[in-house]
Amino acid sequence: ARRLGELHELLGSIMLRRRKVDLLPQLPPKWRMKVELEVGNINQQAVGDEMDDERLCAEVASTKGRAVADYIRCLLAGDVKFLLF
(Lines give C-alpha, C1' and ligand atoms only; values in the text may rest on other atoms or scores of the structure.)
Protein backbone atom coordinates (compact mmCIF):
# COMPACT_ATOMS: atom_id res chain seq x y z
CA ALA A 1 0.00 0.00 0.00
CA ARG A 2 3.00 2.28 -0.31
CA ARG A 3 2.03 3.45 -3.80
CA LEU A 4 -1.73 3.34 -3.42
CA GLY A 5 -2.20 6.73 -5.11
CA GLU A 6 -0.29 5.57 -8.19
CA LEU A 7 -2.33 2.38 -8.31
CA HIS A 8 -5.56 4.39 -8.23
CA GLU A 9 -4.31 6.59 -11.09
CA LEU A 10 -3.40 3.58 -13.22
CA LEU A 11 -6.62 1.68 -12.64
CA GLY A 12 -9.02 4.61 -12.62
CA SER A 13 -12.53 3.22 -12.50
CA ILE A 14 -11.55 -0.36 -13.35
CA MET A 15 -12.92 -2.98 -11.00
CA LEU A 16 -10.77 -6.03 -10.34
CA ARG A 17 -12.47 -9.28 -9.49
CA ARG A 18 -11.07 -12.50 -8.18
CA ARG A 19 -12.06 -15.79 -9.71
CA LYS A 20 -14.25 -18.05 -7.62
CA VAL A 21 -11.87 -21.00 -8.01
CA ASP A 22 -9.01 -18.90 -6.58
CA LEU A 23 -11.06 -17.58 -3.68
CA LEU A 24 -12.87 -20.73 -2.47
CA PRO A 25 -9.90 -22.31 -0.63
CA GLN A 26 -9.66 -19.16 1.52
CA LEU A 27 -13.31 -19.25 2.63
CA PRO A 28 -14.78 -21.21 5.53
CA PRO A 29 -17.10 -24.07 4.59
CA LYS A 30 -20.58 -22.99 3.55
CA TRP A 31 -23.46 -23.98 5.77
CA ARG A 32 -27.14 -23.32 5.50
CA MET A 33 -29.68 -23.05 8.23
CA LYS A 34 -33.43 -23.24 7.88
CA VAL A 35 -35.13 -20.95 10.35
CA GLU A 36 -38.80 -21.44 11.09
CA LEU A 37 -40.44 -18.18 12.06
CA GLU A 38 -43.59 -17.56 14.03
CA VAL A 39 -45.62 -15.47 11.61
CA GLY A 40 -48.49 -14.70 13.93
CA ASN A 41 -52.03 -14.56 12.69
CA ILE A 42 -52.82 -13.99 9.06
CA ASN A 43 -56.11 -12.19 8.69
CA GLN A 44 -58.27 -15.33 8.91
CA GLN A 45 -61.44 -13.43 8.14
CA ALA A 46 -59.97 -12.16 4.88
CA VAL A 47 -58.78 -15.66 3.98
CA GLY A 48 -62.15 -17.17 4.82
CA ASP A 49 -63.95 -14.63 2.65
CA GLU A 50 -62.40 -16.12 -0.49
CA MET A 51 -59.79 -13.41 -0.82
CA ASP A 52 -58.43 -13.19 -4.34
CA ASP A 53 -54.95 -14.67 -4.86
CA GLU A 54 -53.22 -11.31 -5.17
CA ARG A 55 -54.59 -9.97 -1.88
CA LEU A 56 -53.88 -13.27 -0.12
CA CYS A 57 -50.25 -13.26 -1.31
CA ALA A 58 -49.88 -9.65 -0.16
CA GLU A 59 -51.30 -10.52 3.28
CA VAL A 60 -48.97 -13.52 3.67
CA ALA A 61 -45.94 -11.55 2.45
CA SER A 62 -46.65 -8.72 4.87
CA THR A 63 -47.00 -11.12 7.79
CA LYS A 64 -43.84 -13.02 6.86
CA GLY A 65 -41.96 -9.75 6.35
CA ARG A 66 -42.64 -8.68 9.93
CA ALA A 67 -41.41 -12.04 11.26
CA VAL A 68 -38.22 -11.86 9.18
CA ALA A 69 -37.58 -8.28 10.33
CA ASP A 70 -37.94 -9.39 13.97
CA TYR A 71 -35.50 -12.25 13.41
CA ILE A 72 -32.94 -9.96 11.75
CA ARG A 73 -33.22 -7.52 14.67
CA CYS A 74 -32.39 -10.42 17.02
CA LEU A 75 -29.32 -11.31 14.96
CA LEU A 76 -28.14 -7.70 14.93
CA ALA A 77 -28.68 -7.33 18.67
CA GLY A 78 -26.61 -10.48 19.26
CA ASP A 79 -23.75 -9.14 17.13
CA VAL A 80 -23.93 -12.23 14.90
CA LYS A 81 -22.31 -12.27 11.47
CA PHE A 82 -24.73 -13.44 8.81
CA LEU A 83 -25.48 -13.29 5.12
CA LEU A 84 -29.09 -12.93 4.11
CA PHE A 85 -30.62 -13.81 0.74
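Glu6 is partly exposed, at 37% relative accessibility, a class that lies between buried (under 20% relative accessible area) and exposed (over 50%), as calculated with a 1.4 Å probe and protein chains only. The model is predicted, and local features need pLDDT of at least 70, side-chain atom pairs count only at pLDDT 80 or more, and totals for chains, interfaces and linings use all residues. Residues are numbered from 1 along each chain as its sequence is written, and side-chain values use heavy atoms, with hydrogens and water left out.

Glu6 is joined to Arg3 by a salt bridge in which the closest N and O atoms are 2.8 Å apart; the term requires a side-chain nitrogen of Lys or Arg within 4 Å of a carboxyl oxygen of Asp or Glu. Arg3 is exposed, with a relative accessibility of 56%. By this rule the count of salt bridges is 3. Side chains of opposite charge can pair when their charged atoms come close. Another salt bridge links Arg19 and Asp22, with 3.1 Å between the closest N and O atoms. Of this pair, Arg19 is exposed at 53% relative accessibility, and Asp22 is partly exposed at 38%.

Arg73 and Asp70 also form a salt bridge, the closest N and O atoms being 2.7 Å apart. These two residues are separated by about one helical turn because they stand 3 residues apart in helix H4. Asp70 is partly exposed, with a relative accessible area of 43%. The C-alpha atom of Asp70 is 9.9 Å from that of Glu38, although 32 residues separate the two along the chain. Glu38 is placed in the loop between H2 and H3 and is exposed, with a relative accessible area of 70%.

The chain contains 4 helices and 0 strands, and its elements run α-α-α-α from the N terminus on. Helices (H or I, at least four residues) and strands (E, at least two) are DSSP runs numbered from the N terminus. Of the 85 residues in the chain, 6% are buried. The accessible surface of the chain is about 8600 Å², and carbon and sulfur atoms account for 56% of this area.

A nonpolar patch on the surface is formed by Trp31, Met33, Val35, Leu37 and Val68, which together have about 490 Å² of accessible area. Patches consist of residues with over 30% relative accessible area and no salt bridge, with like charges joined within 9 Å and nonpolar side chains (Val, Leu, Ile, Met, Phe, Trp, Tyr) within 5 Å. Met33 lies in the loop between helix H2 (20–23) and helix H3 (44–48) and is exposed, at 54% relative accessible area.

The largest pocket has a volume of about 1000 Å³. It is lined by 21 residues, of which Trp31, Arg32, Leu83, Leu84 and Phe85 are the closest to its centre. On a 1 Å grid over the protein atoms alone, a pocket is an open set of points with protein on both sides within 12 Å along at least five of seven lines, and lining residues have an atom within 4 Å of a point. The volume is the space filled by probe spheres set on the points, which are joined across faces, edges and corners. Helix H4 (residues 53–77) gives the most to this lining, with 4 residues. The lining comprises 17 nonpolar, no polar and 4 charged residues, where Ala, Val, Leu, Ile, Met, Phe, Trp, Tyr, Cys and Pro count as nonpolar, Asp, Glu, Lys and Arg as charged, and the others, Gly among them, as polar.

Definitions and conventions: 1 Å grid on protein atoms, 1.4 Å probe; cavity = no way out; pocket = protein on both sides within 12 Å on 5 of 7 lines; lining within 4 Å. Areas by Shrake-Rupley, 256 points an atom, 1.4 Å probe, with all protein chains shown as cover.
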